[in-house]
Amino acid sequence: EAMISLAQVLSWSDQPEEALKYYHKALKLAPDHVEARIGIATIYAWQKKYPESIQIYKQLLKKYPDNATALSGLARVYSWMGNYQQSIALFEQAKNYAPDDRDILIGLGRVYSWNKQYKKSEQVFKKMLAEMPDDSEALKALANTYKWGEKFTKGIEIELRILRMRPDDVESMLSIGYMYGQLGAMGQSIHWYEKASKLAPDRADIQAHLGLLFTRNQQIDSAATAFKQAISLGRSSEKQ
């Protein structure tokens, strides 16, 4: 148990190879330990060793078909491989065994969105938020669902909720800026990209996007300045 706990900490600390060593040591002492096998399968999935991860999950599910963690883990692997229908089916199965599991619901809602089933994705996240209105991960996932489904006004509304909770969330500012741009509100789009750039002055991608927005808004001098800044930041990043 100590080895497995240490392996979990190592995996969360971005030390997957060290974590694998301890999971394998634990399995020598307890060859059928489910948690250790799930830990190994999880790391393999992170490392994009999908066939190895799938094999472990399937072996576990033959013996424990009602293991919601193994079902959702396998669902994630299939989602990362782009097999959304298989992923959704497995997440739904996992949800039957653990209907209130937050990670399963987040995963299911995301894959619905990736599969362009935006209405179903929205339903999952809205149900979650009815019970946990300040769940920032669910809010962000719902905002993305609206963004990808081109419901930009609703997406902006959700991102603003996130910013009320986390005023320095650069990604939410960029998301709002993007959606205002899609709505044709160039001034508002520029405003949010500029806010983001003040908090993340070293990001070349923000300056490059600002340059494009200024160009579309016929602010040529500002566009030139932003593009030059993007090039300068890009060069600095390459040197590092």
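This is a predicted model: local features need pLDDT of at least 70, side-chain atom pairs count only at pLDDT 80 or more; totals for chains, interfaces and linings use all residues.
Trainee: Which residues does Asn217 touch, not counting residues up to four places away in sequence?
Mentor: Asn217 and Gln15 are 202 residues apart in sequence, and their C-alpha atoms are 46 Å apart in space. Once residues up to four places away in sequence are set aside, the contacts of Asn217 are with Met186 and Ile190.

Trainee: What is the phi of Gln218, and where does this residue lie?
Mentor: Gln218 lies in the loop between H13 and H14, and with 68% relative accessibility it counts as exposed. Most residues other than glycine have a negative phi. Gln218 is not a glycine, and yet its phi is positive, at about 60°.

Trainee: Where is the place of Asp14, and what is its phi?
Mentor: The place of Asp14 is in the loop between helix H1 (2-12) and helix H2 (16-29), and at 67% relative accessibility the residue counts as exposed. Although Asp14 is not a glycine, its phi is positive, with a value of about 60°.

Trainee: How many helices and how many strands does the protein chain have?
Mentor: Read along the sequence, the pattern of the protein chain is α-α-α-α-α-α-α-α-α-α-α-α-α-α, and its C-alpha trace spans about 65 × 45 × 30 Å along the principal axes. The secondary structure comes to 14 helices and zero strands.

Trainee: What percentage of the 240 residues is buried?
Mentor: The accessible surface of the protein chain comes to about 13500 Å², and 51% of that surface belongs to carbon and sulfur atoms. Among the 240 residues of the chain, the buried ones make up 44%.

Trainee: Which residues have the most contacts inside the largest nonpolar core?
Mentor: In soluble globular proteins, nonpolar side chains tend to be buried together. Here the largest nonpolar core has 52 residues, and its largest share, eight residues, comes from helix H3 (residues 34-46). A second, separate core of 21 residues includes Ile176, Met179, Tyr193 and Ala196. In the largest core, the residues with the most contacts are Tyr23, Ile40, Tyr57 and Leu74.

Trainee: Is Leu20 buried or exposed, and which residues is it in contact with beyond its neighbours within four places in sequence?
Mentor: Leu20 has its place in helix H2, and its relative accessible area of 7% is why it is classed as buried. The C-alpha atoms of Leu20 and Gln8, 12 residues apart along the chain, are separated by 9.3 Å. Leaving aside neighbours within four places in sequence, Leu20 is in contact with Ile40, Ile43, Tyr44 and Gln47.

Trainee: How far does the backbone oxygen of Ala75 lie from a polar atom of the side chain of Ser87?
Mentor: Ser87 is found in helix H6 (residues 84-97), and it counts as buried because its relative accessibility is 0%. Not counting residues up to four places away in sequence, Ser87 touches Ala75, Tyr78, Ser79 and Val111. The distance from the backbone oxygen of Ala75 to the polar side-chain atom of Ser87 is 2.8 Å.

Trainee: How far apart in space are Tyr112 and Glu122, C-alpha to C-alpha?
Mentor: Tyr112 lies in helix H7 (residues 102-114), and at 5% relative accessibility it counts as buried. Its contacts, not counting residues up to four places away in sequence, include Ile88, Glu92 and Val124. Tyr112 and Glu122 are 10 residues apart in sequence, and C-alpha to C-alpha they are 8.8 Å apart.

Trainee: Which residues form the nonpolar patch on the surface?
Mentor: One of them, Trp80, lies in helix H5 (residues 68-80), and because its relative accessibility is 38% it counts as partly exposed. The patch has about 710 Å² of accessible area together, and the residues that form it are Val9, Trp12, Trp46, Trp80, Trp114 and Trp148.

Conventions:
Residues are numbered from 1 along each chain as its sequence is written. Side-chain values use heavy atoms; hydrogens and water are left out. Patches are made of residues with over 30% relative accessible area and no salt bridge: like charges are joined within 9 Å, nonpolar side chains (Val, Leu, Ile, Met, Phe, Trp, Tyr) within 5 Å. Accessible areas come from the Shrake-Rupley method with a 1.4 Å probe; for residues, only the protein chains shown count as cover. A salt bridge is a side-chain nitrogen of Lys or Arg within 4 Å of a carboxyl oxygen of Asp or Glu. Helices (H or I, at least four residues) and strands (E, at least two) are DSSP runs, numbered from the N terminus. Buried means under 20% relative accessible area, exposed over 50%, partly exposed in between (1.4 Å probe, protein chains only). A polar contact is a pair of N or O atoms within 3.5 Å; within protein, one must be able to donate a hydrogen and the other to accept it, and residues adjacent in sequence count only if both atoms are side-chain atoms. Contact means heavy atoms within 4.5 Å. A nonpolar core is a set of buried Ala, Val, Leu, Ile, Met, Phe, Trp, Tyr and Cys residues joined through side-chain atoms within 4.5 Å.
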